[in-house]
Amino acid sequence: MRDHLKFVAVGHVDHGKSTLIGRLLYDTNSLPPDKMDEVRMASEENDGVPEFAFVMDHLEEERRNRVTIDTAQIFFKTAKREYVIIDAPGHKQFLKNMITGSTQAEAALLLVAAEEGLQEQTHRHAYMLSLLGIRQLLIVINKMDLVNYDQQRFEQIKKDITKRLEEFGMEPPLMTIPIVSTLGENVARRSDKMDWYDGMTLLEGLDQLQPAPSAQNGRLRFPVQDIYELEGEKVLVGRLASGTLRNGQDIMFHPLGKTATVDYIKVFGASKDQAIAGESIGIVLKNKNAMQGLARGEVACDLSPSPHVHNTIVATVFWMNGEPLHKNETIDLKCATRQVSCKVKKITDRMNSSTLEIIATDANDLHDTEVAKLTLKADGYVCMDPFESVAETGRFVLMRDNDTVAGGILH
Amino acid sequence: MDKLDELESQSIYIIREAYYHYKKLAMLWSIGKDSSTMVWLVRKAFFGKVPFPALHIDTSYKFPQMYKFRDEYSRKWGLDLVITRNEKALAAGMTCEKKLECCTALKTEALKIAIAKHGFDALLLGIRRDEHGIRAKERVFSPRDEEFKWNYQDQPPELWDQFKSQAEEQTHIRVHPLLGWTELDIWKYIRREQIPITELYFAKNGKRYRSIGCTTCCNPVDSNAATIDDMINELETTTTSERAGRAQDKEDTYTMQKLRALGYM
Amino acid sequence: MVLSIDGVPFGLMRRMMDNGVMPNMAGLAGNVGIRQMRSVQPTVSCVAWASYMTGKNPGKHGIYGFIDRRTESYDLMFPNSATMSAENIWEVLSRADKRVFGMNVPSSYPPRRVNGILIGDFLTPTIEKAAYPAGESEYLRSIDYRIDSDAQLARRDKRAMLADLDKTLDTRMEAMFHYLDKESWDFFHTHIMGSDRINHFLWQKMEDNDPEFAPAFFAYYRRIDKAIGRLLEQLPDIPLLIFSDHGFCRIKQEVQLSRYLVETGWTTPAQEIVHPLSVDPAKSKAYCLIPGRIYVNLLGREPGGIVPLEKYQQVRKRLAEDLLKLRDPETGENVIRKVVMREDVYWPSDREKNATMEPEQSAMYKGTYGKAADLIAIPYDGYDLKLGLAGNKILQKTELEGMHTYDDAFMVARGIELPKDDLEILMLAKPILDKLGVEPPNDMDGTGSAITPRF
């Protein structure tokens, strides 16, 4: 069974992102056979250089035909893995998908064109990546043909980007690769036009990325979804968000702050002595008294390390409603199965998600498709985790009258 | 956890969410493979004791095998079976000459009758994502809902389809626990769990029903798939596109010519 | 480093080394020795190379010949890498993060995804489809790379065929050296197919010392040797294997085996013969595919089967008897040396190594193993088994002058440990993986000693 790895491709469309994606799909034989043939036939008329316009059209068509669920995912395979490129046509879409979407990127590809080099664009891309806490980064410097495959130029851009990333508190990239996506130089094929480069091709570099650790090895997080009474027994039901749960395990409920012991894991039609992240299960506790005070919204965790239990929540929020958010407004927050009412204390670094411009560092409202760092004071405690650690308890929605108006992630 | 485990867990999660929010819940059971799978999942979600009714919309034109199956399994599974029909329309002799009219009268109206009678505020339906295009016209999405279509896999289903019908009708919420499943997933799950399925799905005399509903509107397709394994095999090979088939023919011609020249044929 | 030369028999290689036709090979073999190696049944390149690259017997990889039938019908299909049901050595090495290269090895088209480059074999239809990553085809186009020499030329014009073989070899070697220089590889395998071609069409002329074609024959091998020389110079120390997949001998007659089965009442052709399997199933108890692969038209297994399972073994025995009776009317000699049952030469994946199955069990086995022929006819040297359903003669001669032999492929190995005694081609994958420190898949055959019995 092959590994899967999901990464985001960040970069301005003019810098050749579409062509790069087309190239990756074509070189790895990841297009349907008739599309592969189309690209091949087009290449015959193009001096042997494949034309990737077809590929992007095909992807667009797929995207349109697909039902809402898997929005912007592009698949390709190498010998080692199945890759998913989480793509988005624009920044707005990208930010929204990343914050509200389900799939978490395990790495990012940052694309920069060699002749244009570091621009404001790149600055903002770096900011976005830091926002989302993506740790593994591959930098790809494209269109090397337009700068005559000049090593100096490559080294200069590499230095500039690394410095800029540092400014955002990001780690240096795993590698920086000079490529030409149209000609395929250093994408799958080792280029013979850049002898001064002795690093890996992009495909090799991708194969070097580490997949995110499996959720089942993470911290235990079981958000209580409901409590059923069956034949005199009380059963806590829910889906294990993270970690592994075993019969006899000692757990602690947050925000309640109570400990308990798992008597057994209940599943219909089977017996289980262990459950892993992702499974929907029932839990019966050892002591009847342990059920005191437990309700939907509590999260069962391992005894240590303790999760964060928040009363004041500072998080990145993407607003998605025509009616703007106002400072001091009261709004509902729902994280996993927990729901609390919050007051909006501060709206900081209000940003236009299309241009990535900061509109105001300290704002009074937040409009549709804008992103900001919100400080929310809740009327209760919420058990949360940094988004990179546990996605379920690291993300939340904001609601007005039971309508979802925003999505947010905690750092 | 393999793909089926993941789908199963998500669906159970969605079902339990629906029950938490809407106590007057009912599940629509058409006796077909999708809704029967959903009923199976609902049983799992509630540990065998389903606390709400299974609603069967009876057009009276269903296959006799379906009625038999329904009665047998609602008993076996201890389901609270509610059968609803548009008696008025049937008495007036409604048949399928005009297909759309028939479906509206016998199905949609019957559903409204049931909702009015029992006060259901939410319904579980076994609609799958790869059927979405066909069923689209039965649902109404507000534009805002469309925008916030979150991935069911990792998020609680914040947004369920709001079926806002005409003024005189009741508003209710529709929940789709099977949205992330494909037809192939359903069959693989049926095989894995050994879920009982009506025999109409299996080939007899070179034909089988790919979907079942009323005898008047359902037509069989050519097939030799007599077992679930055959079915899965058939689905897996027909999903590899026809486009690949044409390309293969060209290649085969080339290969044949070459082998002939070399004396291998 | 592996350089394979298709179809060169041990005896011929020895002679060419001794006669100064291949001095570089002579030098190499002088140091490390040369030995004989067994091929595979049936003895055809696609089967031999599939067994080599998977380290498994055909019962596990499913390539039984150049043509095969679709199990749901009597239609033909062409097995290749897409239908081969096992991982090849490049894939195994790729998973262990090794950089790998393969070019022109039979049964490698369509090229699977690897950590490196794979270029498909002679059955690749176009250059654009030849390579993984697909972009490599751009380079191949630029050097006018030949996937294969023109097969039609061989029958029309032998001189033109020779020129074409040279051009093909040249572009092959050009590509090989280009890729060799490009980066440092863990595993690099290039295959030369032209030798099999020249052996098929000029063997007799070579043996008979034809004044024009015998020297031309050896000139081709001299050309190969020159490339080997350059290779040895460039890579003086690395582990190296140079070998062939089977041997060759002169053809006395081509045997239209399907015709024989018709005449002996086993096969009844259909009204209209469209391809080699145009049979009337209701009236055929058996039929055959090339070379020497006999299938019983078994009830419950074949789409139009008529032989009941209880009769399976009996039918096979009677078929074998009939096959062994076939004689060459000109010489009175027997044509078929031996007939083997499939469970004696093929083994499926989920069985204990080499455990022999009961005939009935073998007959109804599903999956990859189940596609094997029920019987394999092994001919005497000189009798090349073909199909010929539509023809009216059993024995005939065409422009083909040479045919494959089973026992006498050659092997020259430097810096790599191979099992000492009996060596068959499916035993090579394991030592290569061992050398590179990679764990072989646990259902590989030939991990230590030969598994196929001698015939």
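Tutor: Before we start, two strands pair if DSSP finds at least two bridges between them, and strands (E, at least two residues) and helices (H or I, at least four) are DSSP runs, numbered from the N terminus. This is a predicted model, in which local features need pLDDT of at least 70, side-chain atom pairs count only at pLDDT 80 or more, and totals for chains, interfaces and linings use all residues. Residues are numbered from 1 along each chain as its sequence is written.

Student: Okay, which residue stands opposite C:Ile294?

Tutor: C:Ile294 faces C:Leu375, which lies in S15(C). Strand S13 (residues 293-296) and strand S15 (residues 375-379) of chain C pair in the antiparallel sense, over two bridges.

Student: And in what order do the four strands of that open sheet run?

Tutor: In chain C the order is S12-S13-S15-S14, with antiparallel pairing. Strand S12 (286-289) and strand S14 (336-341) of chain C are the edge strands, each pairing on one side only, and the twist averages 25° from one strand to the next.

Student: What is the mean pLDDT of chain C?

Tutor: The mean pLDDT (the predictor's confidence in each residue, from 0 to 100) is 93 for chain C, where 99% of the residues reach 70 or more. The model as a whole scores ipTM 0.84 and pTM 0.80.

Student: Switching to chain B, how many helices and strands does it have?

Tutor: Chain B comes to 10 helices and eight strands. Of its 265 residues, 54% are buried, where buried means under 20% relative accessible area (1.4 Å probe, protein chains only).

How values were computed: Chains are lettered from A and ligands numbered from 1 in the order in which they are written. Side-chain values use heavy atoms; hydrogens and water are left out. Buried means under 20% relative accessible area, exposed over 50%, partly exposed in between (1.4 Å probe, protein chains only). Axes are lines fitted to C-alpha atoms, for helices over the stretch in contact, and angles run from 0 to 180 degrees between N-to-C directions.
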